[in-house]
Structures are given as structure tokens and as C-alpha cells.
Amino acid sequence: MIIQRGLLLVLLWVWLVHPCLTAMVFTRTSDHQQKTFLARGAGSDGKTLHRQKRGWMWNQFFLLEEYTGSDYQYVGKLHSDQDKGDGSLKYILSGDGAGTLFIIDERTGDIHATRRIDREEKAFYTLRAQAINRRTLRPVEPESEFVIKIHDINDNEPTFPEEVYSASVPEMSVVGTSVVQVTATDADDPSYGNSARIIYSILQGQPYFSVEPETGIIRTALPNMNRENREQYQVVIQAKDMGGQMGGLSGTTTVNITLTDVNDNPPRFPQSTVHLRIPESSPVGTAIGSVKATDADTGRNAELEYRIIDGDGTDVFDIVTHKDTQEGIITVRKPLDYENRRQYTLKVEAENLYVDPRFYYLGPFKDTTIVKISVEDVDEPPAFSRSSYLFEIHEDIEVGTIIGTVMARDPDSAASLIRFSLDRHTDLDRIFNIHSGNGSIYTSKMLDRETTQWHNLSVIAAEINNPKETTRVPVYVRILDVNDNAPQFAVFYDTFVCENARAGQLIQTISAVDKDDPLGGQKFFFSLAAVNPNFTVQDNEDNTARILTRRNGFSRHEISTYLLPVVISDNDYPIQSSTGTLTIRVCACDNRGNMQSCNAEALLLPAGLSTGALIAILLCIIILLVIVVLFAALKRQRKKEPLILSKEDIRDNIVSYNDEGGGEEDTQAFDIGTLRNPAAIEDKKLRRDIIPETLFIPRRTPSAADNTDVRDFINQRLKEHDNDPSAPPYDSLATYAYEGNDSIAESLSSLESGTTEGDQNYDYLKEWGPRFNKLAEMYGGGESDKDTS
């Protein structure tokens, strides 16, 4: 209904104010003849209005948006002064929306809009009109351009960019404090009427907040709004067009406003007195309990600091502030003793760390409370008279000597008896022991400072009535030195004297060490055990001594080594001494005294070669000999290796030549001339009927001068092959293919042997050597089988 009323008002205003809104005339002068292009509309009095305008003067068509009628919306009429009304002209429309959104009657020039138009989509359309001759299709007027402008109606309500806004303002703010600004937009034409003029108002949120009608700025409306009473507010803002008048469209948005905290609340303890209890056995640093002051503020404004400002336990207890919970944690500062004091009173203060000067009048921003602490009695372990003990004893005391006494008592009122013991983990060698009743520590083994100078013991004191209550105390035992060790050479000395040494020549500087540690420091004296004609000792009086020669010249062939006993003594009480023996070798030296050789055998060695070099040369020779022997043995083993290693190899080779020969006329198997002429073996050709697996170079053997018969030649070759294990078998078999005169075996042909098998005796094959043993077994065995069957 509001939209319909708005449309009626706009239409009424348009027709009343602009009665000739759609009348326009296009006039164009062509050459010397004046031509007009008219657009007509109806006036208010019903008469047809004629207005002639000069060429190329443009007017606009105006069209209301959002037309809701069922027929096409009439826009206007185009008319050319060349139009005689006989239908000879044709009107053509082109441009924005021509033919689709806007159509023209080609005979009358009436323009209509085919559908509803939204100005917010497009505010105006530019079109071109032309009149042409229908018969010749030639234009009678030049093309003219005109604009259809869409008149706005109030069809869009104001909208906010956000549906929900969030804002904040400090609590206790003065009236009129700006919170946030909201802005709405209207898609209607702001230059036409009041369709886009927006006025803001508040629908929800009064009386706490207000909004400026023109700007949309939300401000506080009440003074001293307290966050602690209410923190969240929801404000609904309305934006209405048409200047907020009745019939205008409106839109709303929600603004969630939060009151931020300020420090306007001082801390307060909920109780004026707090009671706490703690056992007397609590160690230092134990937390007894906590106190907490409440503060209605939050965050930084609620941060507190606790401190003890008065009381009789300020030196026994302490308080620290827990940053997360804002509590005051009371802790033990000194050990407690129920028997000495049973109750303490403290005055604790809590104060804000950050105070806003604007709210000093709400203060003071601190509060106090009384904390009473009661100490509870517990069964305490024994207490030693000292926190640690130090005993010093000499290392030469007798076993069973008391080195010191530890004392402990039961601090409770019952005063239980105490039992003492040693922690054997601190005295694994069981050097000490303790009297369980009085705490006297005594030795159970001999002491040696040079082995262990300090002993760190741990003594345990336990109540007899309650053995679980124990206390430990460290006992440090220092072993004092007694001069019970004789000095010795500091190192092992490798001393030598040159054969060409002179009397008084220095050959060695010696020093000594002593395991003892006298208070005045070490002092050693050096001397010879007896007068020595060859060497002497000169004490340097700085704990070192020099060994000097007493004569000229030494000979390593006569004496190669001298033994020199040296007596070393200290100056502590009782004096300790020892005798160390220096071994002095006689060596050959150069003119500068540099040692060259100290052994007498070295004279027999050739110059320039040492013993090590000779040993290396000997090892090399031995290695070379071993390599030569191994090489010769391997070569000999390869030469003697037989070609056939088993009997099966003979069978295989024989089977491979188990074929029927063609007789003497067969010259393809072998050359019979070879048997008749043994010298032809040198030019031996390979057999063409078989392919041997391995090729062997034929061996040349001298032939007998008087060998006139083939039998002798075969026997000779047979003997050679029997004695040669490396001869290939097919050479030997090839020689048996010849059937000579008076042959014992006669023919070996398989065709002939098949008919005379029962009359032949093959025992003679055994006499031909080991190569025919397998053949003899095959034929001989077959016959025996026949006999047995």
C-alpha cells in the first residue's frame, strides 16, 4: 500500500507540474528546405500541441520506473514532417534496448516499453530514430539521437553494510560520549526528491544510548553507566528514507555495545580475620595458605599486590602474589618450632597496582586483613648440635682411637633417647665405627694419608622410640701427615757415560719425590752409599743432584755397565731415607758427546747397516724364496693333471664314436694312407664325420725304420697311448677302425659282430691296458651273463 500510494503521488506530481513532459520536437534544416522531426504528446487541455524546434535540438523522453500495468508502457511518439500519413514512410529505432526493451510502430512512430524498467539498473537509455522510404528504403531524414530518462520512484529501502555491529565504550563515561557511527545507503536517486534522504532513529537501547538523526553517530545518554551492574547492551538503529516522513522505506541494524572496564572499584577482603595452620616440620619455602581480596574490576584494573605490613611474624613468614589467581601465598621464611612458639599474627595488605586518578574519590584502592597462623606439634626427628662436623687426626694413630663425638637430641617434649649409626655407603672399607649410645667415632683400621687424605662420613641419628624419625649429618675426617715415607727417584733414569769422557764431566741430573707432605715443604739430601772410584754425586741443595765422572776414559769392552747406589734422605722427623741405584751404560760417542752405540757387538756390524735393517733384508729374502717354491709347485701340479679323471669319461668318449664305419672303401672317416705311411701323421687332417670337443695338436713321434707292417705301427702307438694319460681318446679309437691281416680282434664292425657274437672271446681286451678295461667289462660281462642264463 505504501508503494502504491507513493506511485500515485509521484504520477500526480508529474502531471500537475509538467503537463507537457513527453512533448518534444526534433527540427532539422536540410539544405535550403526546412524539415522538422516532431514528437507529440497530449497537453492538459486536450489540444494537440505543436512545437517546432531548430534542427539538432534534442529533448528527452521521461519514463517512470517499475511500471505495473498489463499493457506495454507508452513512452512517446516520433513524427517526421515528411510523413504525409499515406504509410509511405517507415520508422526505425536503434540503440540501447531497441527492439527488445523499446519497440516502435514503424507506421505511426509510437514508442513503447515492453517490460518494467528499474532505474537502479540503468538510469537512462540512448536511442537513435530514422524515417526511411518504405519503397526505396532510402532515409528521408538523417538519423536523430534522443534519450529516454527513467524517473525514480521510492522503491529501495535504506540498507546497512553490516547486519550486526560491535562497539565498546568505557564505563562511567559522561553523557554524549561517542560510541560508534553507523551509515546506511539508499539505491534511489538522491538528486530527485527525497527518496534517498535518510534519517536515523533508535528503536531499542533507550535511555542508555541515543543516535544523531543526520549522521548516525551513537552516543551515551546516561551518566556513570557501571560495567559491574551491566556490561552488554543491544541497540537497534533504524534508517528511513523520504526524510523520515510517513510512507518512507526503512532498514534496521543491531549494534552490540560493551562497556569496557575502568579501575573504579577498590579491592576488598571478604573476611577481616583469616586462620591458618601449619606443622612445625614444614621446611622453609612451604606454602601455608593463601588470602585473596576481591576486586569487581577485570584485567589490568584488578591486578593486586600483597604484602605483610605488621605483626609478630614478619621475619618468619613471607607473602608472594600469584599473578594468575591474584592471591597472596603465605610461605615459611624460617624454620618453625612448636616448643618455642605456637602462634603468629600477621597484618596483610592488598593494593591495586594501577589506579586511575579520575576515580581517586572512590578510594582508597587497598584493604587489609589479619592472618593468624597456628603451629602444630609433630614428632620431629633428632636434631644435631651442628650442621656438620670436622675432625682432624694423624695417620699414625692406633686402631680404636676416638677421633671425635657427634651430639644430637630429640627436640620434642618427650625427649626420646637417640641411637647413632654410620652410613656404610660412605665408609665402604669400614675404616671407622661409632658408638651407638654416645656418638663417639673411632678407628677400626689403620689410616694412610697417602692413600686417602679425606673421609666424608654420614652419621645417622634415630629415635629409639620411633626409629623412622632419623636425621643425617655430614662428618668430614681429615688425615694429617706423618713422615712415614722415604724419598725416591722422581723418574727412571737412563744414564750413559761416553768412552772418551773426562774427569768431572756431568753425565746425569737426578731429583726425588716423597709421598709425604711436611708443613715446611720437601727437602732432600743426596749422597753415595760408598766411595766410588768412577763416579761421584754433587748435591745442588735444591732437591736435585748431579752425577759426575771421577776419571778419564771408559771402555765398554772391559765394563759395559756400572751400578751406582745413591742415598736419598729427607729432613722431616723422623728422617726417612732410601737407596736408589743408577744404571750407567758405557757408550761410544762422537766428539760432541752424542751417543752412537752402547753395545759391544755393534763393532762387528758393517758400517751403515743397523740390526733392524739386516732383519728387514732377511725377511724379504725369505718371502721371495717362498713365492718361488709355491710357483714351481703349482706349475708342476698343472703339468701332471690327467685329461680323464674317471672311468665314466672313457665311456662317454667311446659312446660318442659308436658309429658304423663304411669299410675300407669309406675314405670319408679317415685316410687309410695314414696307417700305411706313418710319416703322414705330421699332416694329419681332422675327421669330417665327427666334431671333437677339444682340439689337440698332434705329437710327432719318430717312426721305426724297419716298421714294414701296420700291426707293428698300431702296437707301437697303442703302447704310447697307454702310457700317456693326456692323450685324447678319439685318436686311439680312430686307429682301431683298420682291419689288418692276422688281427686278433679281427673286425670291429657292429654288423659283422652281430652274427659272430657267440664265437668271439674278448678277454684279450684286458691285456690292452687300462683304457680298454671298461670295454672288456662290457663284452666280457655280456658273455658271462649269457652263460649263466
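Figure 1. P267 is buried, with a relative accessible area of 0%. Here buried means under 20% relative accessible area, exposed means over 50%, and partly exposed lies in between (1.4 Å probe, protein chains only). The model is a predicted one: local features need pLDDT of at least 70, side-chain atom pairs count only at pLDDT 80 or more, and totals for chains, interfaces and linings use all residues. Residues are numbered from 1 along each chain as its sequence is written, and side-chain values use heavy atoms, with hydrogens and water left out. P267 sits in the loop between β17 (250-260) and β18 (273-279). Strands (E, at least two residues) and helices (H or I, at least four) are DSSP runs, numbered from the N terminus. The C-alpha atom of P267 is 5.5 Å from that of T294, and the two residues are 27 apart along the chain. Which residues is P267 in contact with, leaving aside its neighbours within four places in sequence? They are A293, T294, D295, L304, A350, E351, N352, F365, K366 and D367. Contact means heavy atoms within 4.5 Å.

**Figure 2. M225 and its surroundings.** M225 also belongs to a loop, the one between β15 (217-220) and β16 (232-240). The relative accessible area of M225 is 8%, so this residue is buried. M225 and M172 are 53 residues apart along the chain, with 5.0 Å between their C-alpha atoms. Not counting residues up to four places away in sequence, M225 touches E171, M172, Y208, F209, T220, Y233 and L259. Among these partners are Y208, F209 and Y233. Ring pairs link Y208, F209 and Y233 into a cluster.

Figure 3. A pair of aromatic rings is described by the distance of the centres and the angle of the planes. Rings of Phe, Tyr and Trp (its six-membered ring) pair if their centres lie within 6.5 Å; planes under 30 degrees apart count as stacked, over 60 as edge-to-face and the rest as tilted. A search of the whole structure finds 13 aromatic pairs. One of them joins Y389 and F391, with 6.2 Å centre to centre and 35° between the planes, and this pair is tilted.

Figure 4. A disulfide is a pair of cysteine sulfur atoms within 2.5 Å. By this rule the count is 2. C498 lies in strand β35 (residues 495-498) and C589 in strand β41 (residues 577-589), so the bond ties together parts 91 residues apart in sequence. C498 is buried at 6% relative accessible area. C589 is buried at 14%.

**Figure 5. The disulfide of C587 and C598.** C587 is joined to C598, with 1.7 Å from S to S. The angle about the S-S bond is 100°, and the link is right-handed. C587 lies in strand β41, while C598 lies in the loop between β42 (595-597) and α2 (611-639). The two cysteines are 11 residues apart. Both C587 and C598 are buried. With bonded cysteines counted along the chain, the disulfides follow the pattern 1-3, 2-4. Another cysteine, C620, is partly exposed, at 47% relative accessibility.

Figure 6. Helix α5 has 14 residues (710-723) and should span 20 Å at 1.5 Å a residue; its end C-alpha atoms are 20 Å apart, which agrees. The expected span is 1.5 Å times one less than the number of residues. Which residues of α5 are buried? They are V710, F713, I714, R717, L718 and H721. Seen down the axis of α5, these buried residues fall within an arc of 130°, so they line one face of the helix. The arc is that of the directions from the helix axis to the C-beta atoms. The face turned away from the buried side carries the exposed residues K719 and N723.

**Figure 7. The chain as the setting for the close-ups.** The chain holds 8 helices and 42 strands. Buried residues make up 36% of its 789 residues. Among contacts between residues at least 6 apart in sequence, 66% join residues at least 24 apart.
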